Structure formats: structure tokens, C-alpha cells
Amino acid sequence: MTAKEFEIEFRRLYLPLGMYALRIVGDSGDAEDVVEDAFLKTWQRVEAGLEIDNFRPFIYRAVHNECISFLRAKKETVEIDAIAEIGDEEIDTSIRDARIWQAVDRLPDKCREIFLMSKRDGMTNEEIADELGLSVKTVKNQLTKAFSRMREALSPGHKPFFLPFL
């Protein structure tokens, strides 16, 4: 594996791996650290001559192991059996979650703010309108716009989506 190939894999898998690690360690900053450590250790092994035939399963396993090590180092009670083994479902879920958050990040600022207040924070349209000093109709229009853009961003060749934080 060349440095360029490694960089391509890093860019392709960083966010999905972060979503996977977040479900295990529970904190986005810690998840980022875990993923970065896994990539660093993997690169060191590649530089030392390790051939990796199937990079994606290899790096998911590396992140999985780093998550367990991280939790043990924090002296948290870790029930290893409670941490799901890496399978296609976990990988697909992390990729889906990453795609959803990328789509959310691409929403216009006000639209994204209203969307997150509604779906992540569970606020009603009236509460959002009061909080932001907008009309309820404006909030509804922004939510319609958000769902339309999310649907466009996520639907090509994919099944209907749901939002994991709903």
C-alpha cells in the first residue's frame, strides 16, 4: 500500500469510522482520538512492511480494538461482549450515519440550525419559532427545505433513510 492509497482510504473511511467509534466510546472527541490512533498505528505497520489485503475490515478491527483499549485505560467497566462485533451491519450503519451528517452539514446555516433543533433536540415548531424569533410558517418552510435537500443528498441509489438521532 502506497502513501497515496493510504491517504485515499483515510479520507474515505475517517468519518464512518468516527461514527462507529462514537457508538462505542460515547464522546466525539474521544472517538476522533481513537480513529486517529488506529490510523497512525496502521500506517506505522504499513511502513514496516505489513501487507493489508482488505483494508476496510482491517481498519474497522483496529478501531474496534482501540476503542476497547481506550475504555480500559479510562478504567470504565467494559463488558467486551456488549460491544458488537464488527460485521457488515455495523459498517453499513457507520457509513450511513456519516452520509447523514455530511448531508446535515451541507444544509444552509439557518436551515441546519432549525433542522437540528427539531430533530436532534425534539423542539416543536412553536418552540423553535419562539427561540429564534421567527414565524412558525418560516420554521415549517425551513424544515421542508431541509428534508428536501437531505432526501436529494441521500437518495441516489439508496433506500429511504431515517435519522439515527430521532
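Which residues on the other side of helix 6 are exposed? In this predicted model, they are Asp130 and Glu131.

**Helix 6**

Helix 6 spans residues 125-132, and Asn125, Ile128 and Ala129 are buried in it. These buried residues line one face of the helix, because they fall within an arc of 100° when seen down its axis. An α-helix has 3.6 residues a turn, so residues three or four places apart point the same way. Just after helix 6, Gly133 has a positive phi of about 70°.

In soluble globular proteins, nonpolar side chains tend to be buried together. Here the largest nonpolar core holds 22 residues, and Leu17, Val25, Phe39, Ile59 and Val63 have the most contacts inside it. Helix 1, helix 2 (28-47) and helix 3 are the elements that each supply two or more residues to this core. Helix 3 provides the largest share, eight residues. Ile59 is in contact with Leu13, Leu17, Ala38, Phe39 and Thr42, leaving aside its neighbours within four places in sequence. A second, separate core has 16 residues, including Ile100, Ala103, Ala129 and Val139. Ala129 is also among the buried residues of helix 6.

**Aromatic pairs**

The whole structure contains eight aromatic pairs. A pair of aromatic rings is described by the distance of the centres and the angle of the planes. Two of the pairs are set out below.

| Pair | Centre to centre | Angle between planes | Geometry |
|---|---|---|---|
| Phe6 and Phe55 | 5.7 Å | 85° | edge-to-face |
| Tyr20 and Tyr60 | 5.5 Å | 65° | edge-to-face |

Phe6 lies in helix 1 (residues 3-25) and Phe55 in helix 3 (residues 55-73), so their pair ties together parts that are 49 residues apart in sequence. Tyr20 in helix 1 and Tyr60 in helix 3 are 40 residues apart, and their pair also links distant parts of the chain. Phe6 and Phe55 are buried, and both Tyr20 and Tyr60 are buried as well. Ring pairs also join Phe6, Phe10, Tyr14, Phe39, Trp43 and Phe55 into a cluster. Within this cluster, Phe39 is one of the residues with the most contacts inside the largest nonpolar core.

**Glu152**

Glu152 is part of helix 7 (residues 136-154). Why does Glu152 count as exposed? Its relative accessibility is 56%, and the cut-off for exposed is over 50%. Glu152 and Ala103 are 49 residues apart in sequence, with their C-alpha atoms 9.2 Å apart in space. Ala103 belongs to the second core.

Technical notes: Residues numbered from 1 in each chain as written. Predicted model: local features only at pLDDT ≥ 70, side-chain atom pairs only at ≥ 80, totals over all residues. Heavy atoms only, no water. Helix = DSSP H or I, 4+ residues; strand = E, 2+ residues; numbered from the N terminus. Buried < 20%, exposed > 50% of the residue type's maximum accessible area, 1.4 Å probe, protein only. Phe/Tyr/Trp six-rings, centres within 6.5 Å; stacked < 30°, edge-to-face > 60°. Arc of directions from axis to C-beta. Core = buried A, V, L, I, M, F, W, Y, C linked by side-chain atoms within 4.5 Å. Contact = heavy atoms within 4.5 Å.
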